[in-house]
Amino acid sequence: MSSSQICWPLAVLALFLLSSAFADEVVVLTEDNFEKEVGQDRAALVEFYAPWCGHCKKLAPEYEKLGTSFKKAKSVVIGKVDCDEHKSLCSKYGVSGYPTIQWFPKGSLEPKKYEGPRNAEALAEFVNSEGGTNVKIAAAPSNVVVLTADNFDEVVLDEKKDVLVEFYAPWCGHCKNLAPVYENVATAFKLEDDVVIANLDADKHKDLGEKYGVSGFPTLKFFPKSNKAGEDYNGGRDLDDFVTFINEKCGTSRDAKGQLTDKAGIVESLDALVKEFVSAGSEEKKAIFGRIEEEAEKLKGSAARYGKIYLKAAKSCMEKGADYAKNEIQRVERMLNKAISATKADEFTLKKNILSTFA
């Protein structure tokens with residue numbers, strides 16, 4: 001049986017819950033604040049998890065959605081406890097596996113274990129029933145490009161784009177399990193103009209499925225700029241697996257949260273010149289600056305943008321002295337700690353990464 005015919009293992013048919021480290025709406029519970037937040041004037045749904053737990057990692061987006069949706073529900077807390085860090089607290093409530101989800105009624109520290117499905121909708125239904133709320137899961141706009149017979153060639157065969165395509169069927173259970181992970185992949189790369197994460201209902205568009213050899217669901221194929229015949233994706237089905245694959249194939253530098261890594265913007269040829277530049281005397285710096293300028297002019301696409309940042313940094317270092325890079329990095333870090341748009345965060349991260357080569 002080919003890999004395209006094999007859907008996810010049975011172990012992941014039931015989705016498991018993760019309270020994500022970057023979910024703003026999920027209350028982080030500790031030994032110090034647990035009894036201040038739980039068992040008081042609000043009911044609480046609490047996930048006891050471990051950071052290394054694979055099942056926990058699979059449902060990061062589901063718990064985020066739950067926390068976001070219940071943000072304004074004043075009578076309910078959506079919380080999480082890191083059991084690696086707070087072992088005694090987890091032991092106190094009988095936690096022996098991860099994730100364990102427990103419901104604490106208002107005014108009570110006697111929990112009821114949640115035994116239902118591990119997805120945001122089912123959890124919300126449970127919380128509404130137990131807590132007397134009426135909250136619906138907030139639907140986020142999708143970043144997955146929906147393909148049809150009308151737009152398939154235009155999107156997938158565009159030689160300026162790297163395109164990952166999921167061929168799925170609406171009735172396929174494994175496809176449904178993949179959906180939240182695939183959505184997170186699309187979200188992670190939404191700011192990359194030449195990377196497209198797309199899907200096609202191959203049950204509806206059978207001709208296209210047959211054209212590309214689809215015989216089972218979900219089938220994933222990658223269509224890089226250089227090969228529009230397509231190639232099978234045979235990697236793992238976790239978010240990190242997809243992110244690693246796309247970074248390697250597309251030359252991007254994103255993490256699972258969609259943030260740029262510390263490698264983003266670094267150009268090896270310019271990096272080598274910067275090492276010379278930093279250790280050179282003032283007169284020698286001018287000559288090396290000229291070489292940086294020549295090298296930057298050769299760059300194409302995204303690299304040309306990075307070249308301009310290198311040039312500006314080198315010029316500022318000559319004009320403002322040896323401490324410029326260090327001081328500017330500190331300023332940029334302060335900006336990154338503020339509430340800024342994702343686009344601005346990209347801009348500052350690129351600048352910080354490149355400045356670090358001068359520091």
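Helices α10 and α12 are roughly parallel, because their angle falls under 35 degrees. Helix α10 spans residues 268-279 and helix α12 residues 302-320; they pack at about 5°, with axes 11 Å apart. Axes are lines fitted to C-alpha atoms, for helices over the stretch in contact, and angles run from 0 to 180 degrees between N-to-C directions. Helices (H or I, at least four residues) and strands (E, at least two) are DSSP runs, numbered from the N terminus.

L270, D271, V274 and F277 of α10 meet G307, Y310, A314, C317 and M318 of α12; contact means heavy atoms within 4.5 Å.

This is a predicted model: local features need pLDDT of at least 70, side-chain atom pairs count only at pLDDT 80 or more, and totals for chains, interfaces and linings use all residues. Residues are numbered from 1 along each chain as its sequence is written, and side-chain values use heavy atoms, without hydrogens and water.

Next come the sheets. Strands pair if DSSP finds at least two bridges between them. Strands β4 and β5 run antiparallel, joined by two bridges. Q102 stands opposite K113 in β5.

Another open, mixed sheet of five strands runs β6-β8-β7-β9-β10. Five bridges join antiparallel β7 and β9, where L164 stands opposite F222 in β9.

These helices pack on the sheets:

| Helix | Residues | Angle |
|---|---|---|
| α7 | 173-188 | about 165° with β7 |
| α9 | 239-250 | about 20° with β9 |

Terms used:
Angles under 35 degrees count as roughly parallel, over 145 as roughly antiparallel, 65 to 115 as roughly perpendicular and the rest as oblique.
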